[in-house]
Amino acid sequence: MIAAAVCAVLLVGCTPASAGPAQGPAVVRPTAPDASPASATPAPVPDPEKLAARLAKVSRTGIARSGIAVLADDGAVLADRGADRPLAPASTLKLLTTLAAVDTLGADHTFTTSVVSPSKGRIVLVGGGDPLLTDKTSTSATKPASLQTLAVHTAEALAASGVTKVRLGYDDTLFSGPDFNPAWKSRWRGYLSRVTPLMVGEGRFDQWRSDPQPARTAATAFAKRLQKQGIRVTVVGPQEAPDGAATVASVSSAPLSAVIARTLRLSDNAAAEVLARHVALATGRTPSFAGATAAITAWLKDHDLWDDGMVLRDGSGLSDRSRVTPSVLARALLLAVHTPELRAVADGLPVAGENGTLKDRFDDSSEAIARGNVRAKTGTLVGVASLAGYLTTADGARLVFAAMANGTAGQNTAYNWLDRSAAALVRCGCR
């Protein structure tokens, strides 16, 4: 049984996608985390037996192992089927990583990329772990820091001190350990971004190819930007910035709340891994895969969000060796919904049928009622699918949910179960 702790959990499964735009009843928008005044009369909550019966009608054919649970807004357990079973979470693990990050660092925290000068004519580009640093200045509010802007400020400072020629080093030593997780599929090495504190373009050459040397690429791009500003760069190479080196210029990321929203909406693996390392740094642990997962594990245990059999292998959910229970995902989400300091996670979830990884989901008539209502994090690996979020029922009650499917016969099978289960909850009066 799910512990009647701070959260309401709904675990849903997978649904085969159907062609064509969804047509259906008017959408019921989910209640915002802080929308209801304390004095308001609570909306009627579904009867647990009737709700469970409604969920049982959604086919689970083709799914070997699953877990599902639904919690009311006050944490009461409404549905519990395999909710304490440890399963591979895929990218729903990002919920736990981002919760630990926003609680540890603060929603307003920013990441700084800087240029320091150990001596006249020598500068070092120092990676500060901004996962969204760009080369060219971006118009996106989530990507305010660029090498182009940094080069302008650096050149101005250098010119003011009479320097027009520099040796450029780059420092990517903020993180440690391997930059590719041994728990990931080795065949992904050419595709997945390396985990590094210094990268541009999210560590990728294009949609399909990762950059094997993202820090060097960033430094080379910065050198070109400096040269366009009239500063001659003679050497580009790795160099650890010495303590006490004077800061020449710097640029800062968007607030962590904005970084988290984008990470969850697009399921950005590289950003999630970078955030996990920042949690490790902030808690005095080694900023490696092992240190990051240890830091997140400790945070979860401190917040009573740990079940027997759970294990974390990364911060993004890319490893199929991680195990999380639906119960923990649901309780974690309820905590996010009700805690102002953690609201960036609840607010950052994709919206069914509207954006992010849920834009093209809930796409047949049996699921259409959930479009614009369900806000949830998706998870997908081969044979794995999960969904965890919150929604509003037909009677106006907010439910928090999490669902996980492992050993699935095709992704559509899993998506159908997940999406149709969530839609059944939206449709539910169940009283």
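**Helix packing and a buried loop serine**

The model is predicted: local features need pLDDT of at least 70, side-chain atom pairs count only at pLDDT 80 or more, and totals for chains, interfaces and linings use all residues. Residues are numbered from 1 along each chain as its sequence is written, and side-chain values use heavy atoms, without hydrogens or water.

Stay with H10, which covers residues 411–427. Helices (H or I, at least four residues) and strands (E, at least two) are DSSP runs, numbered from the N terminus. The buried set of H10 includes Tyr415, Trp417, Asp419 and Leu425. What do the buried residues of H10 pack against? Their partners are helix H1 (48–56) and strands E1 (63–72), E2 (77–81), E8 (375–381), E9 (384–392) and E10 (398–408). Contact here means heavy atoms within 4.5 Å. The length of H10 agrees with expectation, because 17 residues at 1.5 Å a residue should span 24 Å and the end C-alpha atoms are 24 Å apart. The expected span is 1.5 Å times one less than the number of residues.

Next, two helix pairs. Axes are lines fitted to C-alpha atoms, for helices over the stretch in contact, and angles run from 0 to 180 degrees between N-to-C directions. H2 (residues 93–105) packs on H8 at about 40°, with axes 10 Å apart. The two are therefore oblique, the class left after roughly parallel (under 35 degrees), roughly perpendicular (65 to 115) and roughly antiparallel (over 145). Their crossing is left-handed: the near helix is turned anticlockwise from the far one by less than a right angle. Leu95, Leu96 and Leu99 of H2 meet Val328, Leu329, Ala332, Leu333 and Ala336 of H8. By class, that contact has eight nonpolar residues, no polar and no charged. Nonpolar covers Ala, Val, Leu, Ile, Met, Phe, Trp, Tyr, Cys and Pro; charged covers Asp, Glu, Lys and Arg; the others, Gly among them, are polar.

H5 (residues 256–266) and H6 (residues 269–282) pack at about 140°, with axes 9 Å apart. This pair is therefore oblique as well. The crossing of H5 and H6 is left-handed. Leu256, Val259, Ile260 and Thr263 of H5 face Ala271, Ala272 and Leu275 of H6 in contact. Six of these residues are nonpolar, one is polar and none is charged.

Last, a loop. Ser319 sits between H7 (289–302) and H8 (326–338). Is Ser319 buried or exposed? Ser319 is buried, because its relative accessible area is 0%. Not counting residues up to four places away in sequence, Ser319 touches Ala183, Trp184, Arg313, Asp314 and Leu381.

Key
Buried means under 20% relative accessible area, exposed over 50%, partly exposed in between (1.4 Å probe, protein chains only).
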